[in-house]
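Keep the viewer open as you read.

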Amino acid sequence: FNQVKDKFAQRSVKLYVKNSDEINAYAVSSLGSKAIIITRGLIDHYLKNSQDSKSFLNSIRSIIGHEMSHLINKDFLPTFLIIVNQKITNFISKILHFIFYNIVKYIRFLSFEGGYLSMFILNIYRSLNFLITFFNRFVVYGVYNFLRRFVSRSIEYRCDNQSARAFGGSNMAVAHHIVTGK
């Protein structure tokens with residue numbers, strides 16, 4: 001792991017081993033911390049299917065290099081931005097709800113016209129809330145899903161390529177062969 005951190009100049013990344021039979025590795029990041037998680041199932045799979053200890057170490061290093069590539073290229077940002085967008089949207093919706101419902105609560109009791117005015121204001125609130133929801137669901141998430149669907153494969157190829165350049169294409173090929181059988 002230290003070799004990978006040195007090769008990619010990423011000293012602050014942490015490595016965790018998840019106690020799971022799943023054969024998987026992934027990178028997680030926020031604006032403050034970065035980590036690579038490999039599962040026990042992945043390690044066991046490579047131990048069992050590698051020809052020797054050198055092949056095992058090269059494969060694990062290549063897989064960790066692939067995940068490090070995700071971190072250095074900030075591949076987490078689209079998902080992070082979607083989460084931030086959702087939190088901001090929820091916050092704005094709560095503020096709008098508070099403002100509009102408090103206005104309606106007081107206007108309703110003003111006079112005969114207060115009932116009509118409060119219904120009008122309530123409909124403005126519902127329209128704004130609908131527009132925010134529509135924008136998020138169909139524009140923001142639509143663009144995100146489009147990019148995820150059509151760009152994610154090229155991101156995976158880029159990460160494989162960066163790891164292969166760092167630790168040798170044959171090591172990356174062996175790592176893929178062991179995990180996929182192809």
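A nonpolar core, as the term is used here, is a set of buried Ala, Val, Leu, Ile, Met, Phe, Trp, Tyr and Cys residues joined through side-chain atoms within 4.5 Å. Buried, in turn, means under 20% relative accessible area. Please keep in mind that the model is predicted.

With that in hand, start at the largest nonpolar core, which has 21 residues. Among its members, Ile36, Ile38, Leu42, Tyr46, Ile63 and Met68 touch the most other members. Several elements contribute to this core: strand β3 (34-39) and the helices α2 (40-49), α3 (53-72), α5 and α6 (169-180) each supply at least two residues. The biggest share comes from α3, with 6 residues. As general background, nonpolar side chains tend to be buried together in soluble globular proteins.

Now turn to two helices, α4 (residues 77-107) and α5 (residues 112-167). How do they run relative to each other, roughly parallel or roughly antiparallel? Their axes come within 9 Å and cross at roughly 175 degrees. An angle over 145 degrees counts as roughly antiparallel, and α4 and α5 are therefore roughly antiparallel to each other. Sorted by class, the contact between α4 and α5 has 19 nonpolar, 10 polar and 1 charged residues.

Aromatic rings are the next stop. How many aromatic pairs does a search of the whole structure find? The search finds 7. One of them joins Phe8 and Phe167 in a tilted arrangement, with 6.2 Å centre to centre and 55 degrees between the planes. This pair links distant parts of the chain, since Phe8 sits in the loop between α1 (2-7) and β1 (14-18) while Phe167 belongs to helix α5, 159 residues apart. Both Phe8 and Phe167 are buried.

Another pair, Tyr101 with Tyr125, is edge-to-face, at 5.5 Å centre to centre and 80 degrees between the planes. Tyr101 is in helix α4 and Tyr125 in helix α5, 24 residues apart. Tyr125, with a relative accessible area of 9%, is buried. Ring pairs also bring in Phe100, linking Phe100, Tyr101 and Tyr125 into a cluster.

Let's finish with a few single residues. Ala9, in the loop between α1 and β1, has a phi near 55 degrees, a positive value in a residue other than glycine. At 59% relative accessibility, Ala9 counts as exposed. Lys74 likewise has a positive phi near 55 degrees. Lys74 lies in the loop between α3 and α4, and its 41% relative accessibility makes it partly exposed. Finally, His176 is found in helix α6 and counts as partly exposed, at 31% relative accessibility.

How values were computed:
Residues numbered from 1 in each chain as written. Predicted model: local features only at pLDDT ≥ 70, side-chain atom pairs only at ≥ 80, totals over all residues. Heavy atoms only, no water. Axes fitted to C-alpha atoms, helices over the stretch in contact; angles between N-to-C directions. Helix = DSSP H or I, 4+ residues; strand = E, 2+ residues; numbered from the N terminus. Parallel < 35°, antiparallel > 145°, perpendicular 65-115°, else oblique. Nonpolar A, V, L, I, M, F, W, Y, C, P; charged D, E, K, R; others polar. Buried < 20%, exposed > 50% of the residue type's maximum accessible area, 1.4 Å probe, protein only. Phe/Tyr/Trp six-rings, centres within 6.5 Å; stacked < 30°, edge-to-face > 60°.
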